[in-house]
Amino acid sequence: MGIDRRKFLTIAGLTAASVIGRKALGDSLSVAPESNLLPEENRLIGHRWAMVVDLRKCKEQHNCTKCIDACNAVHNIPQFDNPKDEVKWIWKEHFKEAFPNQEKEYILEGLLETPITVMCNHCDNPPCVRVCPTQATWKREDGIVMMDMHRCIGCRYCVAACPYGSRSFNWRDPRPFIKEINKDYPTRTRGVVEKCNFCAERLARGQMPACVEACEEKALIFGDLEDPDSEVRALLRENFAIRRKPNLGTNPEVYYIV
Ligand code: SF4
Ligand code: SF4
């Protein structure tokens, strides 16, 4: 018997977020019942989840935003006019910003102009987790760095600690700026931090991350690093991949095939 504390918090966090979403929204919006967010029998289980981004494919689809659009839609991510208010879970950056210390000669030919798809790296050694005074963010056993919006007190230590800019703070009430609310996922409030969660709620339902599913070119590949037969392991075995700011010791688990 026994569910460890982290597993409990994962479930409790998702549930609490759902409850908060309902409370704050009042009767005007019905949020899906908690049962939709709880792990199910067919859930996807990994020992160390990781994402591989094949930049060669992204390069061919230069202006593609399908992964971003899918994540925004599924997670009720607001679209603000003012970039200062921006909330982003997955977005594109210039190569030089994404890989500031990367050798650019020869191996990266033609990639410098390619917009790089970036998200939370679900670092193995996440500084954001270390600085959180309320344990609103934590690393699960399967490596996913989670956020419990209910526990977040808005101190933004984690925002400052993340060297990748992967965390967003809700400076304004995000709800009026959500294009179309997905009732299967809770909305958030002003004053909390949020970020990519590797689609933990979808894995719990046996689904792949929304960005991966949306990418018809299969430039995004998600899987278990500890499974030698997984697609991510095969890709990393057969291709040259880089990670963002590896010198910082955060050990990112998003890999970029170049
Ligand atoms: S990328 Fe940033 S937010 Fe994500 S785990 Fe690493 S330090 Fe934390
Ligand atoms: S893994 Fe899920 S939460 Fe993370 S960027 Fe992709 S769609 Fe968004």
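Let's start with C199: this residue is buried, with a relative accessible area of 5%. Keep in mind that you're looking at a predicted model. C199 also turns up in the surroundings of ligand 2, so that's a handy place to begin the tour.

**Around the ligands**
- Ligand 2 has a shell made of M51, C71, H75, W89, I90, C196, N197, F198, C199, P209, A210 and C211.
- Sorted by class, that shell around ligand 2 holds 10 nonpolar residues and 2 polar ones, with no charged residues.
- Ligand 1 is surrounded by 14 residues, and the closest are C120, C123, C128, C162 and R167.
- The shell around ligand 1 splits into 9 nonpolar, 3 polar and 2 charged residues.

**Cysteines**
- A disulfide is a covalent bond between the sulfur atoms of two cysteines.
- With a cut-off of 2.5 Å between sulfur atoms, the count here is 0 disulfides.
- Take C152: the nearest cysteine sulfur belongs to C158 and sits 6.2 Å away, and C152 is in no disulfide.
- C152 counts as buried because its relative accessibility is 16%, and the cut-off for buried is under 20%.

**Nonpolar cores**
- In soluble globular proteins, nonpolar side chains tend to be buried together.
- The largest nonpolar core has 40 residues, and the members touching the most others are M51, V53, L55, F99, I116, F198 and Y256.
- Two of those names, M51 and F198, also belong to the surroundings of ligand 2.
- Leaving aside residues up to four places away in sequence, L55 touches F99, L111, T114, I116, Y256, I257 and V258.
- There's also a second, separate core of 11 residues, with C128, C132, A136 and F169 among them.

Technical notes: Residues are numbered from 1 along each chain as its sequence is written. Chains are lettered from A and ligands numbered from 1 in the order in which they are written. This is a predicted model: local features need pLDDT of at least 70, side-chain atom pairs count only at pLDDT 80 or more; totals for chains, interfaces and linings use all residues. Side-chain values use heavy atoms; hydrogens and water are left out. A residue is near a molecule or strand if one of its heavy atoms lies within 4 Å of it. Ala, Val, Leu, Ile, Met, Phe, Trp, Tyr, Cys and Pro count as nonpolar, Asp, Glu, Lys and Arg as charged, and the others, Gly among them, as polar. Buried means under 20% relative accessible area, exposed over 50%, partly exposed in between (1.4 Å probe, protein chains only). A nonpolar core is a set of buried Ala, Val, Leu, Ile, Met, Phe, Trp, Tyr and Cys residues joined through side-chain atoms within 4.5 Å. Contact means heavy atoms within 4.5 Å.
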